[in-house]
Amino acid sequence: MRKKVLLLFITLSLTRASFCQQMNVDSLLNKLSVAKEDTGKATLYENLALAYRFTEPAKAIGYGKQGILLSKKLSFDKGIAGNSLRVSTAYAYSGKLDTGLLYLDTALVYTQKIGDLNRLGLIYLNRADYYRQKMYMKQALLDCDTALQYADRANNDDVRARVNQTMGSVYFRQEDYLAGISYSEKAITLYRKIGNMRMSSAVLNNLGLIYKEMNEFDKSVKVMEQAIHITDSLRDITNLSIYYANLSSVYIQKEEYTEAIRYADKAMEYAVMQDNAGEIALAQSLKGKVLANQKKYAEAIVLVSKSLPVFQEIEDIDNVNISADILATSYAGLGDHTKAYEYTLIAREAGDSLAKWKYDDDIVAMQTKFRVDEKDKEIQVLAMDKEIQHQKLNQQKFLIIASVAVAILALLGIWLAMTRNKLRQRMKELELRNQIAADLHDEVGSSLSSINMLSQMATQQGNEGKQKDILEKMRTNAKETMDKMGDIVWMIKPGETETANLKQRMERFAYEICSARNIGLSLRLDALEKIKLTMDQRKNIYLIFKEALNNAVKYSGTERIDIFTGVQNREFILEVRDEGNGFDTALVQKGNGLDNIRNRAMELGGKLLIDSTPGEGTLVKLSMPSPG
């Protein structure tokens, strides 16, 4: 069996737990039945979703969604964050990673609002693992870095351990086995330090897989048996099926088929206890591999014919490839070359997909190694600088008073320079406010004139049959005028122009307009917290974003919209992407506000790309020089 088939085992090991929680579900249900409609009930929903998220994901999703609805009704941000996180985990465990990511992004937004560092670290770590499962390794590494920063700020060893565990799996996926062993051993040390033996056994299992790929089978068997012993002592039947399946795969590679069959049967036993179709299929595939190797082709076909459709349904390309290969070999062994050719084609198609992933992973592996090397150098430089500074302080204590005096003078000069700069900035903002006031006069004046004319038309004789249409136009004009006034007032209102508030306003507008049309939304706006924008830049960025999103919602017919901001190659990027109808950009040059947002991009000194093809969705991308 090749390495790729084992990636599913690592995925399940990682997503199955952060720490062991024993909850009295009956007690929670009793409390829920008499609870009032308050924040306590929202927390009960979260705890029930937490209890069921692995054993019965569908129940967890139901309770979590009820908790989200109640929390929104109560404006209980902590409840929205917690219930969204539990629903996300349940969807991910059910294999619906895209839906899990949507709820995880919601949990991230509300957790940032309440400033919970521990939960932020956990959310970024979960997102890293989801991206790893989807083979988006670069994004997984970025989220690992962010999770580690929050873990350090909160001094949370549990999250630190899980980051090391995830990094170990990423390196294993990239076939950098020594790095994978290093990160895994760090994770085991941290888990044992905090007494989390369940996750310690999960990493031991993954370590065994690494040793297996290095052909160090004795080491592999030893650490896997340790993982099974710990898991069995905890009565954690959820993971025993996976660990026995992994141990069976080691004995298959050692060609010790009696032991391989024995452990495959143990894996099947625990998979049946959980009624887990994926793990049952995995045990069948392992046993089928042994039978095929022993030339018991008919028996192998019976087992693997049951497992292949399951792998195809859950889109497990690794195991589709392996199972189809076993069936092709078995049918060829029985002389049925038509069937053998049919399954060879299935295996080849899956193999092509794996080859593409391998190419992408090779690129990310080089990027990862470069980043780690740079960090090691940075740590060494910082250590040397610290030692040099320490020595200088010891040698120059008698200059402290003079240095303080110089520093005070320097600070005074800096303060004067900053004051002058602030005055100049205020003058610029005053000019911009005057310009916005003129825009407000023009836009509101024209809209009010239109409403006035429509009202006169409604009262004129002969227009009685058109009054309903006229009143609807008046209502629409009034609503648009209110929206424009709200945007302009927000731009010029003191205290409301910080970049963080721009992010919040964009998030609020996006969630409101997409939820009204039942459109799925993915928001990644973290870059807005790291840059400083002038009032004019905030105005134009917001209006470009709003126009692009409005067009996507109104005209594209999409079911999902992705919005992203970032800084790449010293450029600030804003992307609004939909999966809707698209249009021919060569034919549609005007309309839907496209000329308007192009002009705003020019005012920002940037570029606007509108990339669309009929039937393939639309991308609106703003790129501009990155602010300081």
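# Questions and answers on the chain

Q: In which element of the chain is confidence lowest, and in which is it highest?
A: Confidence, given as pLDDT (the predictor's confidence in each residue, from 0 to 100), is lowest in helix H1 (residues 7-15), at a mean of 36. This is a predicted model, in which local features need pLDDT of at least 70 and side-chain atom pairs count only at pLDDT 80 or more, whereas totals for chains, interfaces and linings use all residues. Residues are numbered from 1 along each chain as its sequence is written, and side-chain values use heavy atoms, with hydrogens and water left out. At the other end of the scale, the mean of 93 makes the highest-confidence element strand E3 (residues 571-578).

Q: How many contacts beyond near neighbours in sequence do residues 1-23 have in the model, and how many do residues 369-376 have?
A: The mean pLDDT of the chain is 81, with 80% of its residues at 70 or more. Over residues 1-23, however, the pLDDT is below 50, although this stretch has 84 contacts in the model beyond near neighbours in sequence, a contact being heavy atoms within 4.5 Å. Where pLDDT is low, the predicted coordinates should not be read in detail. Residues 369-376 also have a pLDDT below 50, and beyond near neighbours in sequence their number of contacts is six.

Q: What percentage of the residues of the chain count as buried?
A: The chain comes to 23 helices and five strands, where helices (H or I, at least four residues) and strands (E, at least two) are DSSP runs numbered from the N terminus. Among contacts with a separation of 6 or more, 65% join residues 24 or more positions apart. Buried means under 20% relative accessible area, exposed over 50%, and partly exposed in between (1.4 Å probe, protein chains only). Of the 628 residues, the buried part is 48%.

Q: Are H11 and H12 roughly parallel or roughly antiparallel to each other?
A: Two packed helices are described by the angle between their axes and the distance between the axes. The axes (lines fitted to C-alpha atoms, for helices over the stretch in contact, with angles from 0 to 180 degrees between N-to-C directions) of helix H11 (residues 197-213) and H12 come within 8 Å and cross at roughly 160°. Angles under 35 degrees count as roughly parallel, over 145 as roughly antiparallel, 65 to 115 as roughly perpendicular and the rest as oblique. H11 and H12 are therefore roughly antiparallel.

Q: How many nonpolar, polar and charged residues does the contact of H12 with H13 have?
A: Helix H12 (residues 217-233) and helix H13 (residues 237-253) pack at about 160°, with their axes 10 Å apart, which means that H12 is roughly antiparallel to H13. The residues in this contact include Phe217, Val221 and Met224 of H12 and Leu240, Tyr243 and Leu247 of H13. With Ala, Val, Leu, Ile, Met, Phe, Trp, Tyr, Cys and Pro counted as nonpolar, Asp, Glu, Lys and Arg as charged, and the others, Gly among them, as polar, the contact of H12 with H13 has eleven nonpolar, five polar and two charged residues.

Q: What is the handedness of the crossing in which H7 passes H9?
A: Helix H7 (residues 117-133) and helix H9 (residues 157-173) pack at an angle of about 15°, with axes 10 Å apart, and the two are therefore roughly parallel. A crossing is left-handed if the near helix is turned anticlockwise from the far one by less than a right angle, and right-handed if clockwise. For H7 passing H9, the crossing is left-handed.

Q: Near what value is the phi of Asp275, and near what value is that of Lys295?
A: Most residues other than glycine have a negative phi, and most peptide bonds are trans. Asp275, exposed at a relative accessible area of 66%, lies in the loop between helix H14 (257-274) and helix H15 (277-293), and its phi is positive, near 55°. Lys295, likewise exposed at 61% relative accessibility, is placed in the loop between H15 and helix H16 (297-313), with a positive phi near 65°.
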